[in-house]
Amino acid sequence: MIRIGMDIGATKTKILMLTPKGEIIARSKIPTDSDADPAPIVARAAAEIVNLLRKNNVKRPQVQAVAVGICGFQNPRTGLIDVSPNLHWYNVPFKSLLEKAIGCPVYMANDVNAAAWGEFVYGAGRGCTEMAAVFIGSGIGGGLVSHGLLVEGGTGTAGEVGHMIFRVNGLKCDCGKKGCFEAYGGGMPMERRMRKAAKSGLSPITLKLASNDLSKINTRIIRLAAKAGDRVAKTIWKDAEESLATLCANLVSLLNPDRLVIGGGVLEGNPGLLKTIQQGLNTRAVTLSTQHVSLLKSALGDDAVAMGAAALVDMH
């Protein structure tokens with residue numbers, strides 16, 4: 001038997017064909033291009049899955065299940081996506097739509113929960129029973145494993161660590177609330193703040209590092225500009241460091257995990273953040289919990305969501 005793992009993001013969709021042990025047989029990538037309408041990605045994904053099966057001489061009855069990790073708030077039991085802000089989907093019965101299109105069972109998971117489970121089963125969390133994972137990309141997401149089980153909560157929305165509050169009545173978050181950790185440590189909010197300052201002429205150092213192109217401003221540029229003396233960049237980078245260190249320290253104090261796994265594009269571009277987070281644990285978390293936990297970089301990279309989604313089939 002084989003499994004299909006999918007990672008549906010705002011712009012691209014990754015599809016992996018795997019064995020039940022997580023060995024990747026084949027991979028593919030297609031554009032998501034489904035703004036406000038799930039029909040195009042359902043059709044493209046179904047066609048690409050058929051294509052992968054044909055190329056690898058796999059018959060449809062050999063497919064145990066298709067497992068999907070997708071951004072947004074959803075109920076993994078019903079497969080109904082309540083809201084996916086990045087895709088502009090609301091009350092989309094994605095599970096039933098995809099099952100009808102491909103003719104085999106479909107399982108759903110929040111993308112960050114899937115990534116965390118992938119790290120737990122195949123990556124940096126392998127071999128432990130208690131794990132917390134934080135992924136720092138355009139936003140901040142989290143996944144929790146306790147007693148060897150993924151913690152999804154009553155409605156499948158457990159682990160939304162980026163939307164816990166860092167500063168009461170602070171910066172407005174894309175979720176609509178104020179002061180979320182994501183508003184300070186997420187890549188997209190950081191870049192938006194920096195571009196606004198650079199556009200208004202307040203950050204000439206940042207603009208120079210970005211070759212006078214606002215679109216090139218990313219978290220790495222912000223970090224370098226802060227180091228070079230840009231006052232606004234210093235504030236934004238300090239906010240990010242403080243928010244991430246505090247968030248991770250709070251998780252360690254609350255959960256007492258064996259391992260804390262950190263991943264995401266912001267960490268890839270700024271690997272020194274791992275040291276900042278460790279310093280935050282040392283000074284802000286419960287001492288016994290800090291002494292116990294291992295802080296690790298994610299091991300699966302871009303494959304984590306699709307691999308984790310496929311591994312979640314065992315929980316159904």
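Is asparagine 91 buried or exposed, and what is its relative accessibility? In this predicted model, asparagine 91 has a relative accessibility of 54%. The cut-off for calling a residue exposed is over 50%, so asparagine 91 counts as exposed. This residue is found in strand β7, and its backbone deserves a look too: asparagine 91 has a positive phi of about 50°, although it is not a glycine.

Let's stay with β7 for a moment and see what surrounds it. Strand β7 covers residues 89–92 and pairs with β6 in the antiparallel sense, over three bridges. Within this pairing, isoleucine 81 has valine 92 of β7 as its bridge partner. The two strands form a hairpin with four residues between them, and histidine 88 in the turn has a positive phi of about 60°. On its other pairing, β6 (residues 80–84) meets β5 (residues 73–75), again antiparallel and over three bridges. Here phenylalanine 73 stands opposite valine 83 in β6. β5 and β6 also make a hairpin with four residues between them, and in that turn glycine 79 has a positive phi of about 80°.

Five strands form an open sheet in the order β3-β2-β1-β4-β8, with mixed pairing. At its edges stand β3 (24–31) and β8 (106–110); each has a single partner strand, so one side of each is left without a neighbour in the sheet. On average, neighbouring strands here are turned by 15° against each other, direction ignored. Glycine 69 stands opposite alanine 109 in β8. As a reminder of what holds such an arrangement together, strands of a sheet pair through backbone hydrogen bonds, either parallel or antiparallel.

Helix α1 (residues 39–55) packs on it and touches β1 (2–8), β2 (12–18), β3 and β4, with a direction at about 150° to that of β3. Helix α12 (residues 304–311) lies across β1, β2, β3 and β4, and runs at about 135° to β1.

Next comes another open sheet of five strands, this one ordered β11-β10-β9-β12-β13 and also listed with mixed pairing. Its edge strands are β11 (149–150) and β13 (294–297), each with a single partner strand, so one side of each is left without a neighbour in the sheet. Parallel strands β9 and β12 (residues 259–263) are joined by five bridges, and alanine 132 stands opposite leucine 260 in β12. Helix α3 packs on the sheet, touching β9, β10, β11 and β12, and its direction makes about 50° with that of β10. Helix α10 (residues 273–284), in turn, lies across β12 and β13 at about 165° to β13.

Not counting residues up to four places away in sequence, leucine 260 touches Ala132, Val134, Cys248, Val252, Leu281, Val293, Ser294, Leu295 and Leu296. In the largest nonpolar core, which has 41 residues, the members touching the most others are Val134, Ile140, Ile222, Leu260, Ile262 and Leu281. Helix α8 (residues 231–255) gives the most to this core, with 10 residues. A second, separate core has 31 residues, including Ile2, Ile15, Leu87 and Phe94. In soluble globular proteins, nonpolar side chains tend to be buried together.

Asparagine 256 lies in the loop between α8 and β12 and has a positive phi of about 50°, although it is not a glycine. With a relative accessible area of 39%, asparagine 256 is partly exposed.

The largest pocket has a volume of about 1,400 Å³. Its lining comprises 45 residues, and those closest to the centre are Cys71, Asn86, Asp111, Val112 and Ser138. Two or more lining residues come from each of β2, α3 (111–122), β9 (131–136), β10 (140–146), α5 (187–199), α9 (265–269) and α12. Helix α3 supplies the largest share, five residues.

How values were computed
Residues are numbered from 1 along each chain as its sequence is written. This is a predicted model: local features need pLDDT of at least 70, side-chain atom pairs count only at pLDDT 80 or more; totals for chains, interfaces and linings use all residues. Side-chain values use heavy atoms; hydrogens and water are left out. Two strands pair if DSSP finds at least two bridges between them. Axes are lines fitted to C-alpha atoms, for helices over the stretch in contact, and angles run from 0 to 180 degrees between N-to-C directions. Contact means heavy atoms within 4.5 Å. A nonpolar core is a set of buried Ala, Val, Leu, Ile, Met, Phe, Trp, Tyr and Cys residues joined through side-chain atoms within 4.5 Å. Buried means under 20% relative accessible area, exposed over 50%, partly exposed in between (1.4 Å probe, protein chains only). On a 1 Å grid over the protein atoms alone, a cavity is a set of points where a 1.4 Å probe fits but cannot get out, and a pocket is an open set with protein on both sides within 12 Å along at least five of seven lines; lining residues have an atom within 4 Å of a point. Grid points are joined across faces, edges and corners, and a volume is the space filled by probe spheres set on the points.
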